[in-house]
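Have a go at each one before reading its solution.

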Amino acid sequence: MRLTFTVAPIAFGIDKFANVMVDWPNYLVPWINDIAPGSGQDFMYVVGGVEILAGVIVALKPRYGAYIVAAWLAGIIINLLTYSDFYDIALRDFGLMLGALALTRLAWAAPATQPSPVKLPAGERGVTINA
């Protein structure tokens with residue numbers, strides 16, 4: 001999950017600058033385009049930068065980065081739900097948001113560092129148990 005939520009935001013963020021996979025400004029709801037400065041493509045440059053940063057943070061600190069990705073996906077869902085004909089993509093992004101939230105739970109449950117090995121007293125070393 002960590003790899004997915006690192007690579008996907010970075011890949012989609014980079015594509016916001018190139019529009020190879022899709023013409024991203026077409027997914028921007030008009031009311032956001034009206035309040036954002038510049039064009040829809042200018043806004044997508046900002047979106048791409050945030051997505052790249054979020055992916056890097058997931059790679060380095062998944063405990064916090066996955067929350068950022070989940071919040072970012074929530075914003076995308078709101079954008080898509082206020083625009084007709086993109087409900088299927090909003091549902092997909094909802095599933096991705098749940099995955100990002102699951103990653104946060106896993107990241108917080110895992111120890112931040114590897115625990116040190118247990119040191120046994122001298123008399124208990126080398127004891128084996130046969131089944």
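This is a predicted model: local features need pLDDT of at least 70, side-chain atom pairs count only at pLDDT 80 or more; totals for chains, interfaces and linings use all residues.

Residues are numbered from 1 along each chain as its sequence is written, and side-chain values use heavy atoms, leaving out hydrogens and water.

**Exercise 1.** Work out which residues of α3 are buried, and what covers them.

*Solution.* Start with the extent: α3 runs over residues 40–60, helices being DSSP runs (H or I, at least four residues) numbered from the N terminus. Next, pick out the buried positions (under 20% relative accessible area, 1.4 Å probe, protein chains only): G40, Q41, M44, V47, G48, E51, A54, G55 and V58. They lie on the same side of α3 because they cover an arc of only 130° around the axis, taken from the directions from the helix axis to the C-beta atoms. Now turn to the other side of α3, where V46, L53 and L60 are exposed (over 50%). Finally, the cover over the buried residues includes α1 (4–18), α2 (30–35), α4 and α5, with contact meaning heavy atoms within 4.5 Å.

**Exercise 2.** Find which helix gives the largest share of the nonpolar patch.

*Solution.* First list the members: Y64, Y67, L91, F94, L98, L101 and W108, with about 710 Å² of accessible area together (Shrake-Rupley method, 1.4 Å probe). Then assign helices: α4 (62–81) and α5 (87–109) each supply at least two residues. The largest share, 5 residues, comes from α5. As a check, take F94 in α5: F94 is partly exposed, at 38% relative accessible area.

Terms used: Patches are made of residues with over 30% relative accessible area and no salt bridge: like charges are joined within 9 Å, nonpolar side chains (Val, Leu, Ile, Met, Phe, Trp, Tyr) within 5 Å. A salt bridge is a side-chain nitrogen of Lys or Arg within 4 Å of a carboxyl oxygen of Asp or Glu. The expected span of a helix is 1.5 Å times one less than its number of residues.
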